[in-house]
Amino acid sequence: MILKRSWNAFWRKVDISAATVFIMASLAGAGLASVVSSALDNDPPITFEGVTVLTPEVPQGGVLDLQYPIVQNRVCAATVERFVTDSHGTVHVPSTYTLDRRALIEGYPPEGRETYQRSVTIPLAAAVGKARYDARFSYVCNLWHKLTNPIVVSAPSAAFTITPAPAPLDPLTSEPP
C-alpha cells in the first residue's frame, strides 16, 4: 500500500523533461559501462601451450607440419600473420592456404583444451639451413578491439631445417629428338 502511494506520488511530481533527462542519463550510463567493460576486456581468447614440429626437415617448396596444443577461452574473429625466417635472416611470407593436412578443429570449436595441426608451404626462395616459423594472431572480440587495438597473441616459434629442393625429373625445356 505504501509502495503504491509512493509510486503515484513520484509520477505526479515528474514531468516530461525530467523523465527525458532520466532516460538519457540511464542510456548514457549503460553506454559508458559497455565501453569501459569492452576496454578492460584484454584476456586473449586462445593460449598456446607449445608447438610440436612434425616435419623437422622440409625441402624448399615442401610442407612444414606443426601441431599446437591450445586452451581456448572463447571464440573471436582473428587475422593471422605468418613468417618463415631462413638461415640468412630473410623473412618470407608463406602462402595463405594450407596444403595436405587439415586442422583438427574447424569452424567454431568448443571452448577448452584443444590441439590443432597447421601445414605451411615453405617458399622455394627460402635459403637452405636452420629456419624458424612464427605466427601472430590479432583477435577482435568486441567493438573496442575493432576500433582501437585488437588483442595480439604470438604463437610459439617453431625451429626446423630447410633442405635443398629435389631436382626436377623432367627438363625445363624440351629437347628435340
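Author: Reading from the N terminus, the elements run α-α-β-β-β-β-β-β-β-β-α-β-β. That makes 3 helices and 10 strands, where helices (H or I, at least four residues) and strands (E, at least two) are DSSP runs numbered from the N terminus. Keep in mind that this is a predicted model: local features need pLDDT of at least 70, side-chain atom pairs count only at pLDDT 80 or more, and totals for chains, interfaces and linings use all residues. Residues are numbered from 1 along each chain as its sequence is written, and side-chain values use heavy atoms, with hydrogens and water left out.

Let's zoom in on strand 4, residues 63-72. Of its 10 residues, 7 are buried, so the rest of the structure largely encloses this strand. Here "buried" means under 20% relative accessible area, "exposed" over 50%, and "partly exposed" in between (1.4 Å probe, protein chains only). For the protein as a whole, 29% of the 177 residues count as buried.

Who are the neighbours? Threonine 47 has valine 71 of strand 4 as its bridge partner. Strand 2 (residues 52-53) also lies antiparallel to strand 4, joined by 2 bridges. There, valine 53 stands opposite leucine 66. As a rule, side chains in a regular strand alternate between the two faces of the sheet.

Cysteine 76 is joined to cysteine 141, with 2.1 Å from S to S. Cysteine 76 sits in the loop between strand 4 and strand 5 (77-85), while cysteine 141 sits in the loop between strand 8 (129-140) and helix 3 (143-147), so the pair ties together parts that are 65 residues apart in sequence. The torsion about their S-S bond is about 110°, so the disulfide is right-handed. How covered are the two ends? Cysteine 76 is buried because its relative accessible area is 16%, whereas cysteine 141, at 23%, is partly exposed.

Links across the sequence show up in the contacts as well: among those between residues at least 6 apart in sequence, 71% join residues at least 24 apart, with a contact meaning heavy atoms within 4.5 Å.

Notes. Two strands pair if DSSP finds at least two bridges between them. A disulfide is a pair of cysteine sulfur atoms within 2.5 Å.
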